[in-house]
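Hello,

Here is the structure I promised to pass on. Please look it over; my notes follow below.

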Amino acid sequence: MRIYFPLTCNILTKGHIRALEILSKLGFIKAGLLTAKALKGYKKELMPYEDREYILKTIAKAIGNIKVVPQDSLDPTENIKLHKCSAIASGDGWHKKELKAIKKLKLKIINFNTGDTLHSSDINDRTKFKR
């Protein structure tokens, strides 16, 4: 099974790593890393794409069964079709707009809770980083 897993990785938590470990046992992971273009108007980019990509690729190599690909839109539909994924995974970071696009694809949806008490969106909100 090919599983698409969209990520921002502005702030990497153990929940991200735990999710990748779990998903890599279920199938081959296409980790869709959101680019600056995709993040515009959604989240602040705290680290440049190249830095986030390097970190995620390093972790993916250590875990195995994962390929990092750029995602230029909040809507992952194009990447899911391009990489012929049959499932999509997410923790608790779904948004209504994303779900609407995903439901049209009729994919297997893998929702999980990694038990991470620290969520990167919460950190973003609390720290109010300015660029």
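This is a predicted model: local features need pLDDT of at least 70, side-chain atom pairs count only at pLDDT 80 or more; totals for chains, interfaces and linings use all residues.

**Strand pairing and overall fold**

In strand 5, Ile109 is the bridge partner of Ile88. Strand 4, residues 87-90, pairs with strand 5 in the parallel sense, over 4 bridges.

5 strands form it, in the order 3-2-1-4-5. The sheet is open, and the pairing is parallel. Strand 3 (66-71) and strand 5 (108-111) stand at the edges. Each has a single partner strand, so one side of each is left without a neighbour in the sheet. From one strand to the next, the twist averages 25°.

Now the helices. Read from the N terminus, the elements run β-α-β-α-α-β-α-β-α-β-α. Helix 1 (residues 14-24) lies across strand 1 (2-7), strand 2 (28-34), strand 3, strand 4 and strand 5. Helix 1 runs at about 170° to strand 1.

Some totals for the chain. There are 131 residues, and 43% of them are buried. Take the contacts between residues at least 6 apart in sequence: 72% of these join residues at least 24 apart. The accessible surface comes to about 7,800 Å². Carbon and sulfur atoms account for 54% of that surface.

To start, I would open the view on the Ile88 and Ile109 bridge. Then follow the sheet order, 3-2-1-4-5.

Best wishes

Notes
Residues are numbered from 1 along each chain as its sequence is written. Side-chain values use heavy atoms; hydrogens and water are left out. Helices (H or I, at least four residues) and strands (E, at least two) are DSSP runs, numbered from the N terminus. Buried means under 20% relative accessible area, exposed over 50%, partly exposed in between (1.4 Å probe, protein chains only). Contact means heavy atoms within 4.5 Å. Accessible areas come from the Shrake-Rupley method with a 1.4 Å probe; for residues, only the protein chains shown count as cover. Two strands pair if DSSP finds at least two bridges between them. Axes are lines fitted to C-alpha atoms, for helices over the stretch in contact, and angles run from 0 to 180 degrees between N-to-C directions.
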